Amino acid sequence: MTPAIQVYGLRRRYGTFDAVRDVSFDVERGELFALLGTNGAGKTSTLELVEGLDRPTAGTVRVLGHDPVRDRAQVRPRTGVMLQEGGFPPDLTPAEALRMWAGTLPARAARPVAETLDLVDLTHRAAVRIRQLSGGERRRLDLAAAVIGRPDLLILDEPTTGLDPQSRHDTWRLLRRLLTDGVTILLSTHYLQEAQELADRVAILHGGRVVATGSVAEVVAGFPARIAFDLPPGLTIDALPDVVGAYSEHDGRVTVHTTGLQEALTTLLGWAAAQDIALNGLDARSASLDEAFLSIAGGTS
Ligand SMILES: Nc1ncnc2c1ncn2[C@@H]1O[C@H](COP(=O)(O)OP(=O)(O)OP(=O)(O)O)[C@@H](O)[C@H]1O
Ligand SMILES: [Mg+2]
C-alpha cells in the first residue's frame, strides 16, 4: 500500500520569501505523524499544501495516492481537516453548525451530530450560540467537524492549543481511539508532551526545513545525554576520569553532557568503585524531546 501522505521536495513561496524549503516526509497508513517547530517554522504552510488549499511552488504532494489539488473530488471526502484558525458563524449553535457541515459530506459517511458532539464532550453546549462558547470549546467544535465524516485521514493544525489539561487528555484519548480504528493522523503541535504521547514519528521544522525526523527516541538519540552528581568532598573536577564530553561544576554539582552515555557511566562508576568514592545524587538520563527541541530552536543544532 502507498503511504497515506507523500511529500517530496516541497517549497512554498510567499512573494520573495520561502516559508517552506525542500520539505520531504511520508506518513504511513494508520500512524500519527507530528510536525513540531517554533512559530513561523512552516507547519501551517506545509499542512495547507497537504490539505490541497494551495499548489506548492515546487515539489509534489500525494494524499491517499492522489494530488490533493487536482484530484480534490477523490481526496476531500476521505479527509478531515482542522485549520489553525477554524470557526463557524457565531450565531449558529454547535448542533446547527455540524448539521450544516455534515450536509456537505457524502450522506452515507457522516456520523450522527449527537454522537459527534459527544466525542468532543460538547453535548451540554449543543444548543448554545457559538459566540458564547469558550476558546477551548470552539476548538473542540472544529475537531468535531473534522471527524464527523468518518475520514480515513485527519489533518489537524494545533488541535489542542488553548485546551485545558483535562480537555487535552480527552482529545488525546479520542485521537488514540481513531488510530485504533485505522485512521491516519497528521498534526502540528507546540506541546512536546503531545508528540511524546501520541506520535509514531515526528518531524521538527525550522526555518522551513525538516531538521530532525524519526521516532521521538530516534530524534532525541541525536542529542547528548546528561550525567550529574555531587562533587565528592575534597576533589576538583580535574581529578575525575576522562569521558566523552567535558565536566562542568556549579555549586558543588558536576554535570557532563555526553554522546556516549553507557561508556561514560561505566568509566565513572568503575573509577568511583576503585577509589571507594560515593557519587551522591547520581543522575543519568537521555536527552528529552524538550532539550532536543530547544537546542534546535535555539539554533545550536
Ligand atoms: N500568506 C502569507 N504571506 C506571507 N508570509 C506568510 C504567509 N503565511 C505565512 N507566512 C510566513 O511564512 C512563515 C511560516 O508561517 P507558518 O504559518 O507556516 O508557520 P507555523 O509553523 O505554522 O507557525 P505557528 O506555530 O505560529 O502557527 C512565517 O514566517 C510567516 O510569517
Ligand atoms: Mg501554524
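**Grounds for the terms used**

Guide: In this predicted model, an N or O atom in the side chain of His190 is 2.8 Å from an oxygen atom of ligand 1.

Visitor: Which atoms of Gln84 and Gly42 lie 2.9 Å from an oxygen atom of ligand 1?

Guide: For Gln84 it is a polar side-chain atom, whereas for Gly42 it is a backbone N or O atom.

Visitor: Which residues come nearest to ligand 1?

Guide: Gly40, Lys43, Thr44, Ser45 and His190 do, out of 14 residues around the ligand. Each residue of this shell is called near because one of its heavy atoms lies within 4 Å of the ligand.

Visitor: Which elements each supply at least two residues of that shell?

Guide: They are β2 (17-27) and α1 (43-50). The largest share, 3 residues, comes from α1. By class, the shell holds 8 polar, 4 nonpolar and 2 charged residues.

Visitor: What joins the side chains of Arg226 and Asp283?

Guide: A polar contact of 2.4 Å does, a value that lies within the cut-off of 3.5 Å. Arg226 itself is found in strand β10, residues 225-230.

Visitor: Which residues does Arg226 touch, leaving aside those up to four places away in sequence?

Guide: Arg226 touches Thr255, Val256 and His257, and also Asp283, Ala284 and Arg285. They are called contacts because heavy atoms lie within 4.5 Å.

Visitor: What share of the protein is called buried, and on what ground?

Guide: Of the 301 residues, 47% are buried; the term applies to them because their relative accessible area is under 20%. The accessible surface of the protein comes to about 14600 Å², and carbon and sulfur atoms hold 50% of that area.

Visitor: How many helices and strands does the protein have?

Guide: There are 10 helices and 13 strands. Among contacts between residues at least 6 apart in sequence, 66% join residues at least 24 apart.

Technical notes: Residues are numbered from 1 along each chain as its sequence is written. Chains are lettered from A and ligands numbered from 1 in the order in which they are written. This is a predicted model: local features need pLDDT of at least 70, side-chain atom pairs count only at pLDDT 80 or more; totals for chains, interfaces and linings use all residues. Side-chain values use heavy atoms; hydrogens and water are left out. Helices (H or I, at least four residues) and strands (E, at least two) are DSSP runs, numbered from the N terminus. A polar contact is a pair of N or O atoms within 3.5 Å; within protein, one must be able to donate a hydrogen and the other to accept it, and residues adjacent in sequence count only if both atoms are side-chain atoms. Ala, Val, Leu, Ile, Met, Phe, Trp, Tyr, Cys and Pro count as nonpolar, Asp, Glu, Lys and Arg as charged, and the others, Gly among them, as polar. Buried means under 20% relative accessible area, exposed over 50%, partly exposed in between (1.4 Å probe, protein chains only). Accessible areas come from the Shrake-Rupley method with a 1.4 Å probe; for residues, only the protein chains shown count as cover.
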